[in-house]
Structures are given as structure tokens and as C-alpha cells.
Amino acid sequence: MNIRSLTRGDGVVIGAAVVLFIASFLDFSSYDCPQGVDCSRYDSPNAWDSLGLLMSVFLAGVIGAALVIVSRAMPGRKVVGLDLGQFGTALTVFALWTAFWTILDVNNAGAGLILGLLAAIVLVAGTVAGPLIPALKAPLLSPASPAQGVGSGQAPYGAGPGQGYGFPAGQQQQQPYGAQPSQGYGYPGAPQQGQPAQGDPAQQAQAQQPAQGGAAPAGEFTAFWFAVPVARPLYGEDGSPNPIAELAPGTWYLAVEQRGQSLIAQTQDGRRGVLQDTTGIQRG
């Protein structure tokens, strides 16, 4: 899973799930020690002493949070006909519902049950409101710079030694999507470095002779790296309406083919799909 695809809402869900798991080890109920009685050997039970409470509140919430996070990292996965995110959300709501009625039924609720109820409330709020509130939809981590990783000793995914992430040649300059390699940015027909000026026909003829027979066809596609400005779905090549992945901003992906206005993109884990919306993408 690409950690940079996580949002602030996902961070709230993960944090609440961790607190809920910790609460399962705390006292389930409290007690008042009578005066003159030695209560030092009294062991207050926790959620792990009650299988029903453990599964219906604490582990249900933790499993639901995990399913929600996995569904946002790998869209389109289903369980018994339900999307992973829907199934996980239902589990978190069930955990909150059970915790609420359990704490009403207990005379002296302990720290574990109280903390578990609060964590379940935050967990459901983050799960439901995460995709809706703009502040929670913001990336959890700042976008990575394309040049990160250079000089660290390890080459990032798809990059050769000494090259930045997503740059097949370390000395390439960024070009906007659709710009021809033989043209300067913003100057159609601008001569490249080492190319003769248009005013000298003799030098032009000498430069064209070695290039004849070895030049690639004009319409041939060359793979390139790109980044999306906002999160965009990646659909399967078979035309399925359900996305197979989500491209996150701040991450570089490899475009391996072009089909009309769409691109065939490859993710870090090797999955290929169709990026239908290519507006505003940044080419590496």
C-alpha cells in the first residue's frame, strides 16, 4: 500500500483503532473496595476475559478499520457482494452500537470500556466523515518531491542508479504532457542543443544524413513518468466500470501506452490500468 495515498481521515481511523485495541487490555469494570478488606489480590477482568465483548466491540472495530483502510488503498475489492469499505464501516458502527449498550448495562464501567466507547465514536466519525469533509480528505503526508532519494544509496522504484524517482534519465527536464521532444517548451520548432540552425542548409543536410534509417516513427509512443494533481481512479483494461486502483498526488507512475486521450498506467506493485482523465498531469 502506498502510504502517501492516505488522507487525514485515514489517520483518524488508524489512531482510533489503535486506542480501541489498547483499551481491550484495560479493566472492563471498576469496583469499590470495602473498608478493612485487602483488595490487592483482586484482578479486575478485561475484554479478553469475555469472548463476546472482545469480538463484538474491540476486535470488530479494529477489523472494520483495517477493511476501510485496505478498501481505500485497493478500490473495487468485495466481500460477500459488499465493497470492503462498506463492510468495514458496518463493522465499526456495530462496534459502537454494542459498546454503547454495554456501558449502560454495566454498573461500574472500567477504564477499558469507557476508553473503548470513546475510541469507537471517533472511529465511526473518521470512517463516515473522512470521504466527506475536505479537511479530512487532505493528504496525511506532504507530497514527495520527484528528486527525493537521489544520493541516498537506494534507487527508487523504476529509476536507475543516480536518478530521481520517476525520471528515466537524470538530466531530463520536465515537459508538459503532449509536448514533442524535438521542440522547446513554448517554442514550436525551436532547435535542440547540438542541432544546426535553420539558416545553414549545408549543416542541416549533414545532420540529417546519419539520422536517416535510424529514426523512430513519428507516431511511436515512448513510456514516461507522470504525476496526477488530484487523486484519480485507474480502471481495468477490460473496460470494467469499477476502478482497480487510485492514483495519488505526489507519487510518480509509469505511462506505458496511450489509447486516444487515455493513458495505460502502471502502479508500483505492477498493476496496469486505464487513466481516463489525463488533464493537468505533470510529466517527468
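Let's start at Glu 257, which counts as partly exposed because its relative accessibility is 30% (buried means under 20% relative accessible area, exposed over 50%, and partly exposed in between, with a 1.4 Å probe and protein chains only). Salt bridges with shared partners join this residue, Glu 237, Arg 259 and Arg 272 into one network. A salt bridge here is a side-chain nitrogen of Lys or Arg within 4 Å of a carboxyl oxygen of Asp or Glu.

Before we go on, a word on the ground rules: this is a predicted model, where local features need pLDDT of at least 70 and side-chain atom pairs count only at pLDDT 80 or more, while totals for chains, interfaces and linings use all residues. Residues are numbered from 1 along each chain as its sequence is written, and side-chain values use heavy atoms, with hydrogens and water left out.

Side chains of opposite charge can pair when their charged atoms come close. Glu 257 and Arg 272 do this with N and O 3.8 Å apart. Glu 257 sits in strand E6 and Arg 272 in strand E8, so this bridge ties together parts 15 residues apart in sequence. Arg 272 is itself partly exposed, at 34% relative accessibility. Its side chain also meets that of Glu 237 in a salt bridge, at 3.3 Å from N to O. That pair links distant parts of the chain, 35 residues apart, with Glu 237 in the loop between E4 and E5 and Arg 272 in E8 (residues 272-275).

Glu 237 has another partner, Arg 259, with the closest N and O atoms 3.0 Å apart. Here the loop between E4 (232-235) and E5 (243-247) is linked to strand E6 (residues 253-259), and the two residues are 22 apart. Glu 237 is partly exposed at 34% relative accessibility, and Arg 259 is partly exposed at 37%. The chain's salt bridge count comes to five.

Now for the helical side of things. Helix H1 (residues 8-23) has 16 residues, and its end C-alpha atoms are 23 Å apart, which agrees with the 22 Å it should span at 1.5 Å a residue; the expected span is 1.5 Å times one less than the number of residues. Its buried residues are Gly 9, Asp 10, Val 13, Ala 16, Ala 17, Leu 20 and Ala 23. They cover an arc of only 145° around the axis, so they lie on the same side of H1 (the arc is that of the directions from the helix axis to the C-beta atoms). Their cover includes helices H2 (51-73), H4 (111-129) and H5 (134-137).

Helix H3 (residues 84-105) carries Trp 97, which counts as exposed because its relative accessible area is 56%. Trp 97, Phe 100, Trp 101 and Leu 104 make a nonpolar surface patch of about 480 Å². Patches take residues with over 30% relative accessible area and no salt bridge, joining like charges within 9 Å and nonpolar side chains (Val, Leu, Ile, Met, Phe, Trp, Tyr) within 5 Å; the areas come from the Shrake-Rupley method with a 1.4 Å probe, and for residues only the protein chains shown count as cover.

Zooming out, the chain has six helices and nine strands, taken as DSSP runs numbered from the N terminus (helices H or I, at least four residues; strands E, at least two). Of its 284 residues, 34% count as buried.

Methods: Contact = heavy atoms within 4.5 Å.
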